Number of protein chains: 2
Amino acid sequence: MPMDQINERIRLPRLRERLMSPEAAAALFKDGMTVGMSGFTRAGDCKAVPFALAERAAHEPLRITLMTGASLGNDIDKVLTEARVIARRIPFQSDPTLRRQINAGEVMFIDQHLSETVEQLRSGQIAPVDIAVVEATAITENGGIVPTTSVGNSASFAVLAKKIIVEINLTMPTGLEGLHDIYIPTYRPHRLPIPLISPDQRIGLPYIPVDPEKIVGIVITQKADSPSNVLPPDAETNAIAGHLNEFLAHEVKAGRLSPALQPLQAGIGTIANAVLHGMLDSPFQNLRMYSEVLQDSTIELIDAGRLSFASASSITLSKGLYERVLNNLEHYKSRLMLRPQEISNHPEVIRRLGLICINTALECDIYGNVNSTHVGGSHMMNGIGGSGDFARNAHLSVFVTKSIAKNGAISSIVPMVSHVDHTEHDTDIFVTEHGLADLRGLAPRERARQVIENCADPLYRDLLRDYFMRASRRGGHTPHLLEEAFAWHLRFNQEGSMLGKQPHAQAAAPALAEA
Amino acid sequence: MPMDQINERIRLPRLRERLMSPEAAAALFKDGMTVGMSGFTRAGDCKAVPFALAERAAHEPLRITLMTGASLGNDIDKVLTEARVIARRIPFQSDPTLRRQINAGEVMFIDQHLSETVEQLRSGQIAPVDIAVVEATAITENGGIVPTTSVGNSASFAVLAKKIIVEINLTMPTGLEGLHDIYIPTYRPHRLPIPLISPDQRIGLPYIPVDPEKIVGIVITQKADSPSNVLPPDAETNAIAGHLNEFLAHEVKAGRLSPALQPLQAGIGTIANAVLHGMLDSPFQNLRMYSEVLQDSTIELIDAGRLSFASASSITLSKGLYERVLNNLEHYKSRLMLRPQEISNHPEVIRRLGLICINTALECDIYGNVNSTHVGGSHMMNGIGGSGDFARNAHLSVFVTKSIAKNGAISSIVPMVSHVDHTEHDTDIFVTEHGLADLRGLAPRERARQVIENCADPLYRDLLRDYFMRASRRGGHTPHLLEEAFAWHLRFNQEGSMLGKQPHAQAAAPALAEA
């Protein structure tokens, strides 16, 4: 590769001697190590060393604890899982192969609030990082690492690790420098307030400050991030967006929100992306985001002049938008900022700013509890991610879901969720394509009526009313029939539908009995 | 009553004209109002107006939404419930009569994180306070209200309410002035960091600043706080304290904690109080507390020279200690500070200070989830209180419980908790009289082994091993058998014991089958 590119990307001359092949970098790892890799929702993952590690593991035992920001792209989790490199995985993943191994009990997965991993590392509560592997745009004159399309946990991994390997990605434009704001909380007992009081405020450095002597290897790569895999909006997600817009407009009218709303957070995935997309058709102006990941909808809102600034920890876009943003960085850079996920997701900042948080539920129950992670109560899907960081401290904690899945065989609204990630204390608003339940200030019995009548699919409403009515007669603040609480999940497992084998007859019966 | 006492207690002369009887004050309320009363864990509740309200309700319809700091003493919740004054109750209670009405669905109870109530009020998300009723030691020259033995939500109730009634309690020594630190967060979008960086730091005023014209009535009372009803330590709570001390000493030895530990929080109640009491026999020095309620153990630790400072939102003591503290205020005042519960329980401050939080579980499950509130999944006991504020943001989140209840008919360690208040993401350490489970950095399957082997009662270990083994074979990150997950709770309801009618035979059988 041309020397002028190397000199431009590695501005501290003596570090140029540490250029090495991915294989040479992989040889620095030892069996049993804890490794912290960059990467957050498919953005800014390191793209060479992981494959060389998998290669090495074909010939000798090499099992590691792998920490990242969040999910990785480029099939890295898949390849490392197949090579049996991953013994332990922290704090999030979304790969089908790895997921199978986690659910088989072969990989130990520690599913964490995304803001907490580096806090636990810093205070020595989990094993220290032996080697950090960080994708970079460049290394500065003083050895600082300029990240690429995500910050994730890279900053603290690099600061806390014994050794650092940097992957310089030549496909990442040098113009990315200046997009990042690296702030790391001071140590206890002298920790100071995080000074952030506005989403667009710069409180740190544009690079990760490290001792250059810890950089033991530099690898050059040229692979792009994996594009996002969100689906386009559809009739149901448009309906969800419509209900939420209507509600927010009502809050503005009531004087509880300004027309700029409060800074927005939206979770990763198709539904949350579609809901933000729906704000293109809203009356709101000068929106701001303080989120963990920016998806296509963020760029669309910026392009439409609706969104004035977006702060997050990563940018994960579909192929077309990815190219548009990277090719027009000067235009977008003044409207975007990437921070460590500890800061993008920090309870202190979220509560101070007063965010409107929109996250996706796997299932919700009639009393306001949300399952974001476990299919059928046992099987991990991806992980809690940042949803807990945001929902707990939000000004408004919104959960969105389609009311049914698998053509109606599954109701997303159930009597009792089979796994709890967010309790009723942390959820304010549920929205499905059928409507919106405003749970603020309501007791569980009042919540149940809202959720059943406004959010459940009509196919399941009578069954839910029946459960709630019979449970209420037995009494309790949060009335349940423990012997039936999971009957719907069991029926789905045994008969292929929560409605049972004769769905319509069964669904209608209890209502008639009560009528 | 003597005029010099009145002049000393009401230092703004024109307010002295607003002295009135409790009955006259009660006449200011209207049916359907929202009322914010002082009182937090039986301390600093208003002691005259509530009884006059109950009296009035005997003759005419008078139903209100009652908000407080936390639980009230002096049977106020009981009397108001019996008089049918309480239509809606926020955010915590611990009264048996009120609890019955809540569980019968007669009173709508909104069980909230204690830090969040006034945040929701401030942003207009719940109905505004019509009248605040606040117990006070004195009213200052500028009309500021000096609280008594708790701050709770009184400051924001008074600041946000349309009208204020002050109850001056002559049994509260005037020396209480200076004990309180009233800081109220600034309004969004210009909210600033809370400047607190140490438990003993003063960041606000020694009184609640209000417009004196809002004070529409002043009532004189002379009733004391209800004494705390915690039980003395016993063999099991001593064992719990011993296990926790041993663990903390190990953390100090490993260099993860200093011999002063981190600031401590301990939940209300017998077990948490006993655990703190147990620190009298520990090697730790210069301890500090940043908690929500100070119980007898705090005073004992101060007297023993182990605890240098304690910040909280209330002081709830047994009779003897209550008198000792009130009669020696100058001695204790330099070591104590009372803050609004929004600040004592604020996620921002808890995370910054890095607390060791000790809260009581009603039941725990093998994967690390905690039920703090609901008996049998449906029936409310007291409420989540501050446990969620603290557990989520703790440096170390400890939950303590005795391993069994009702002579072994109930196991506090169950396959799946029947209600989730704290998820596995928010719990680090479980302790029972049998031992301690350190869950940090462990996946659910690893957690299960720790919890079963270290914390469960031997009577239930084989049953738990059997459940875990059979669930694990079926697979999943968090293996469950949904058809059996609540079998223990149902067995208790039907047969009077989680072990069934022939406890020992049933408990032993599965283990033999697996052996």
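**Rings, charges and the A–B contact**

In this predicted model, K223(A) sits over the face of F51(A), 4.1 Å from the ring centre. Chain B has K223(B) over the face of F51(B), also at 4.1 Å from the ring centre.

Q: What makes F486(A) and F486(B) an aromatic pair that is stacked?
A: Their ring centres are 5.1 Å apart with 25° between the planes. Pairing needs centres within 6.5 Å and stacking needs planes under 30 degrees apart, so the two rings pass on both counts. This is one of five aromatic pairs over all chains.

Q: Why does the F486(A) and F486(B) pair join two chains?
A: F486(A) is in the loop between helix 17 (458-474) and helix 18 (487-495) of chain A, and F486(B) is in the loop between helix 17 (458-474) and helix 18 (487-495) of chain B, so the pair links the two chains.

Q: How do you know whether F486(A) is buried or exposed?
A: Check its relative accessibility, which is 3%. Buried means under 20%, so F486(A) counts as buried. F486(B) is buried too, with a relative accessible area of 3%.

Q: Why is the meeting of E446(A) and R88(B) called a salt bridge?
A: The N to O distance between their side chains is 2.4 Å. The cut-off is 4 Å, so the pair qualifies. Chain A and chain B have six salt bridges between them.

Q: Which element gives the largest share of the side of chain A that touches chain B?
A: That's helix 14 of chain A, with five residues.

Q: How many residues are in contact between chain A and chain B?
A: 79 residues of chain A touch 79 residues of chain B. Together the chains bury about 6400 Å², 50% of it on carbon and sulfur atoms.

Definitions and conventions
Residues are numbered from 1 along each chain as its sequence is written. Chains are lettered from A and ligands numbered from 1 in the order in which they are written. This is a predicted model: local features need pLDDT of at least 70, side-chain atom pairs count only at pLDDT 80 or more; totals for chains, interfaces and linings use all residues. Side-chain values use heavy atoms; hydrogens and water are left out. Rings of Phe, Tyr and Trp (its six-membered ring) pair if their centres lie within 6.5 Å; planes under 30 degrees apart count as stacked, over 60 as edge-to-face and the rest as tilted. Helices (H or I, at least four residues) and strands (E, at least two) are DSSP runs, numbered from the N terminus. Buried means under 20% relative accessible area, exposed over 50%, partly exposed in between (1.4 Å probe, protein chains only). A charge sits over a ring if NZ of Lys or CZ of Arg is within 6 Å of the ring centre and within 35 degrees of the ring normal. Contact means heavy atoms within 4.5 Å. Buried area is the accessible area (1.4 Å probe) that two parts lose on being put together, summed over both.
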